[in-house]
Amino acid sequence: MSTEENKVTSATEWEDIPAEKFQIIGTDDFSGDIIARPKVGYWADAWRRFRENKIALVALIILVLMVIMVIFGPAISGYNFEQMDTSAINQTPNAQHWFGTDSLGRDLFARVWQAGRVSLAIGIVGAVVASVVGSIYGGIASYFGGIVDDIMMRIVEVLLSIPYLIIVILISVVTDSKSMGTMMLALTLTGWCGIARLVRGQMLQLKSQEYVLAANALGVSPFKTIMRHMIPNTIGIIIVAITFDIPGYIFSEAFLSYIGLGIQPPDTSWGALASAAQQNFMFYPYQLFFPSIMIALTMLSFTLLGDGLRDALDPKLRK
């Protein structure tokens with residue numbers, strides 16, 4: 001059969017097929033432009049990865065419950081943390097006093113949670129203040145560089161070489177006070193130096209990025225460049241540093257209160273409770289157990305939370 005006859009036969013076959021059998025597809029929609037996976041932002045992806053870390057999630061739940069108890073715990077007991085009852089001295093935990101009483105008949109349940117307010121406040125506020133000061137200081141040093149960076153970093157190294165215990169003693173002597181404000185001042189006076197060095201190292205890498213160079217070319221002031229571009233891009237590192245610094249401040253406060261340089265009566269903290277209880281530890285160990293377990297549990301939870309946040313906020317682990 002010739003080529004012309006084949007063409008005529010094929011045309012005849014196509015004419016015999018009804019038009020409704022044909023359906024044009026692929027031109028009425030934009031299926032090719034549909035993204036298979038929805039766009040996920042940085043913080044949403046970080047929260048997703050944080051939730052997958054069960055240990056860090058449990059630590060967060062423990063800290064939330066502890067904060068709730070610190071706020072409402074003293075009221076739940078029905079006793080004032082300063083209320084003394086000479087008929088209930090050194091009682092073991094019972095239905096009336098869930099954590100027992102101390103040598104003055106004060107309810108330990110109310111005192112433990114009241115002390116938690118002071119310890120957590122010092123830890124959280126101290127870490128936040130130190131991180132803010134350290135971030136700004138480190139950002140300025142890394143942005144200007146050169147002689148400015150050298151001078152600022154030498155100042156940091158000098159401050160880091162001074163033991164904080166000496167600073168606490170000097171401030172206590174100068175101010176003649178051992179209040180919560182004095183404690184915070186003493187702990188944060190040099191506590192920002194570590195985060196300053198951390199932020200400086202990170203910002204030295206960001207300094208050469210395109211958006212920073214563009215801001216400089218547009219005449220944006222150095223302060224705005226640091227605050228709007230450089231510090232926000234190190235916020236993940238700063239958050240992780242805060243969660244690791246809080247246990248350090250809590251332990252420092254507990255240690256200073258334990259040796260008598262911290263919070264003084266009538267105020268109290270977990271360290272002050274432990275210091276008062278260690279004298280009667282052989283006879284009434286529960287008085288030392290409860291503040292000690294709170295210190296250990298809080299420090300462990302913040303440390304595990306910091307580990308989880310470090311993994312969740314690391315952009316290299318994004319999928």
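Next, show the side chains where they touch (heavy atoms within 4.5 Å). On H3, pick Ile 55, Ala 56, Ala 59, Leu 60, Ile 62, Leu 63 and Met 66. On H13, the partners include Met 294, Leu 297, Phe 302 and Gly 308. The contact of H3 with H13 divides into 12 nonpolar, 3 polar and no charged residues.

A quick note on what you are viewing: this is a predicted model, with local features needing pLDDT of at least 70 and side-chain atom pairs 80 or more, while totals for chains, interfaces and linings use all residues. Residues are numbered from 1 along each chain as its sequence is written, and side-chain values use heavy atoms, without hydrogens and water.

Now move to the second largest pocket, with a volume of about 390 Å³. Of its 22 lining residues, select the closest to its centre: Arg 106, Arg 111, Ala 272, Leu 273 and Ala 276. A pocket here is an open set of points on a 1 Å grid over the protein atoms alone, where a 1.4 Å probe fits, with protein on both sides within 12 Å along at least five of seven lines; lining residues have an atom within 4 Å of a point. The volume is the space filled by probe spheres set on the points.

Finally, colour helix H12 (270-277), which gives the largest share of this lining, 5 residues.

Conventions. Helix = DSSP H or I, 4+ residues; strand = E, 2+ residues; numbered from the N terminus. Nonpolar A, V, L, I, M, F, W, Y, C, P; charged D, E, K, R; others polar.
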